[in-house]
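Keep the structure open while you read.

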Amino acid sequence: MSFKVTPMEDDALVVIDVQNDFCPGGSLAVSKGDEVVPLINTLMGQFRHVVLTQDWHPAGHSSFASTHKGQPFTSIKLDYGDQTLWPDHCVQGTKGAEFHAGLKLTGAELILRKGFRKPIDSYSAFYENDKVTRTGLAGYLRDRGLKRLFLCGLATDFCVAWSALDGRREGFQVVVLEDASRAIDLNGSLAAARAEMVKAGVALTASDHIG
Ligand code: VGL
Ligand code: ZN
């Protein structure tokens, strides 16, 4: 996109998981994760509608390596398929689960929590990792007449990408603002996620195209 996009009434900014545990010093720190905060604050001022997601796991969650006495960043099979094991992160009610303190939340219209069921992870803002259980976000956005979604946040190759792909699956136009996102990049996951997003019709662009 070489032209400027001015956010309209049916556009929404969807900010994914900008929480302490995904920022430097957190238990699942994404490299330079905190760098997205000023960019996202600017974006939040440019959009008429802002939705935030919050990764929100109970202690002993099935995505935690500690639950299975396994190694973080390895993969196991759960009922619904392969699941990467993570360090304990974004545990409900903890400091790590809070949004980054610099994030200006005032204008947000919805904060959607996900990953709160112990037996099932939820990367996507739309579906849990079984790809069947809905979070309710698609219905909310459709009810409000929101049609085009601009995604940013943490992490590009997991929760942002899975949300972007499911957003397409649900019939939304989807744009990912890459400079306002940061990746975990586990075994080439960033390149794979970018290729999948492009194939699914997700536009990858930068936040300076909004204005
Ligand atoms: C995320 C791994 C585990 C993310 C959440 O927000 O991308 N990644 N939980
Ligand atoms: Zn998580």
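Keep in mind that this is a predicted model. Start with the surroundings of ligand 1: D17, F22, L28, D55, W86, H89, Y123, L154, A155, F158, C159 and I184 are around it.

| Residue | Atom on the residue | Distance to an oxygen atom of ligand 1 |
|---|---|---|
| D17 | polar side-chain atom | 2.7 Å |
| L154 | backbone N or O atom | 3.2 Å |
| A155 | backbone N or O atom | 3.0 Å |

Now look at the backbone at L154 and A155. Which form does the peptide bond from L154 to A155 take, cis or trans? That bond is cis, and its omega is near -10°. In general, most peptide bonds are trans, and most residues other than glycine have a negative phi. As for where A155 sits, look in the loop between β6 (148-154) and α3.

You'll find K32 in the loop between β1 (11-16) and α1 (36-46).

Next up is a pair of helices. How do the axes of α3 (residues 156-169) and α4 (residues 189-199) cross? They come within 10 Å of each other and cross at roughly 10°. Since angles under 35 degrees count as roughly parallel, α3 is therefore roughly parallel to α4. The crossing of these two helices is left-handed.

Who makes the contact? On the α3 side you have T156, D157, F158, A161, A164 and L165, while α4 brings S189, L190, A193, E196 and M197. Sorted by type, the residues of this contact come out as seven nonpolar, two polar and two charged. F158 links two parts of our tour: it belongs to the α3 side of the helix contact, and it is also among the residues around ligand 1.

Methods
Residues are numbered from 1 along each chain as its sequence is written. Chains are lettered from A and ligands numbered from 1 in the order in which they are written. This is a predicted model: local features need pLDDT of at least 70, side-chain atom pairs count only at pLDDT 80 or more; totals for chains, interfaces and linings use all residues. Side-chain values use heavy atoms; hydrogens and water are left out. Axes are lines fitted to C-alpha atoms, for helices over the stretch in contact, and angles run from 0 to 180 degrees between N-to-C directions. Helices (H or I, at least four residues) and strands (E, at least two) are DSSP runs, numbered from the N terminus. Angles under 35 degrees count as roughly parallel, over 145 as roughly antiparallel, 65 to 115 as roughly perpendicular and the rest as oblique. A crossing is left-handed if the near helix is turned anticlockwise from the far one by less than a right angle, and right-handed if clockwise. Contact means heavy atoms within 4.5 Å. Ala, Val, Leu, Ile, Met, Phe, Trp, Tyr, Cys and Pro count as nonpolar, Asp, Glu, Lys and Arg as charged, and the others, Gly among them, as polar. A residue is near a molecule or strand if one of its heavy atoms lies within 4 Å of it. A polar contact is a pair of N or O atoms within 3.5 Å; within protein, one must be able to donate a hydrogen and the other to accept it, and residues adjacent in sequence count only if both atoms are side-chain atoms.
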